[in-house]
Amino acid sequence: ALLTAFGAALRAARERAGLTQERAAEVIDVTARQVQRIESGRVDLSLVTLRRFCVAYGLDVRDVLRSV
C-alpha cells in the first residue's frame, strides 16, 4: 500500500509538472518503463532516484515523504 500511495503521489506531481513519463524519464535519467513501474507501485526507488524525481518536478523531498 505504501509503494502504491508513493507512486500515485509521484504520478500526480509529474502530471502537475506537465511531463509525460517519457520526458520525465529523460530528465531523471531512468527508463520510461522504470517511471511507469514506480508510479504504479510495483518497484521501490532509491533516495537518489527520489531526489531526481523531486528536482524534475519542483518538489521538496521532505514534502513528498510526508505526503504518504
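Which crossing does α2 make as it passes α4, left-handed or right-handed? I opened my notebook with that one, and the crossing turned out to be right-handed. A reminder to myself before going on: this is a predicted model.

**Entry 1: α2 against α4**

I looked up the axes of this pair next. Those of α2 and α4 come within 9 Å and cross at roughly 115°. Then I asked which residues do the meeting. From α2 I noted Ala24, Val27 and Ile28, and across from them in α4 I found Arg52, Phe53, Ala56 and Tyr57. Sorted by class, this contact has six nonpolar residues, one charged residue and no polar ones.

**Entry 2: α1 against α4**

I turned to helix α1, residues 2-16, and helix α4, residues 47-57. Their axes come within 10 Å and cross at roughly 30°. Angles under 35 degrees count as roughly parallel, so I wrote down α1 as roughly parallel to α4. As for handedness, α1 passes α4 in a left-handed crossing.

Who meets whom here? On the α1 side I listed Phe6, Leu10, Ala13 and Arg14, and on the α4 side Leu50, Phe53 and Tyr57. The classes in the contact of α1 with α4 come to six nonpolar, no polar and one charged.

**Entry 3: the nonpolar core**

How many residues does the largest nonpolar core have? I found 16. Those with the most contacts inside it are Leu10, Leu45, Leu50, Phe53 and Tyr57. I also checked which elements give two or more residues to this core, and they are α1, α2 (21-28), α3 (32-39) and α4. The largest share, four residues, comes from α4.

**Entry 4: Tyr57**

Leaving out residues up to four places away in sequence, I saw Tyr57 touch Leu10, Ala13, Arg14, Ala17, Leu19, Ala24, Ile28 and Glu39.

**Entry 5: Glu39**

Is Glu39 buried or exposed? Buried means under 20% relative accessible area, and Glu39 has 1%, so I marked Glu39 as buried. Setting aside neighbours within four places in sequence, I listed the contacts of Glu39 as Gly7, Ala8, Leu10, Arg11, Arg14, Gln21 and Tyr57. Two of these names, Leu10 and Tyr57, I had already written down among the core residues with the most contacts.

Conventions
Residues are numbered from 1 along each chain as its sequence is written. This is a predicted model: local features need pLDDT of at least 70, side-chain atom pairs count only at pLDDT 80 or more; totals for chains, interfaces and linings use all residues. Side-chain values use heavy atoms; hydrogens and water are left out. Axes are lines fitted to C-alpha atoms, for helices over the stretch in contact, and angles run from 0 to 180 degrees between N-to-C directions. Angles under 35 degrees count as roughly parallel, over 145 as roughly antiparallel, 65 to 115 as roughly perpendicular and the rest as oblique. A crossing is left-handed if the near helix is turned anticlockwise from the far one by less than a right angle, and right-handed if clockwise. Contact means heavy atoms within 4.5 Å. Ala, Val, Leu, Ile, Met, Phe, Trp, Tyr, Cys and Pro count as nonpolar, Asp, Glu, Lys and Arg as charged, and the others, Gly among them, as polar. A nonpolar core is a set of buried Ala, Val, Leu, Ile, Met, Phe, Trp, Tyr and Cys residues joined through side-chain atoms within 4.5 Å. Buried means under 20% relative accessible area, exposed over 50%, partly exposed in between (1.4 Å probe, protein chains only).
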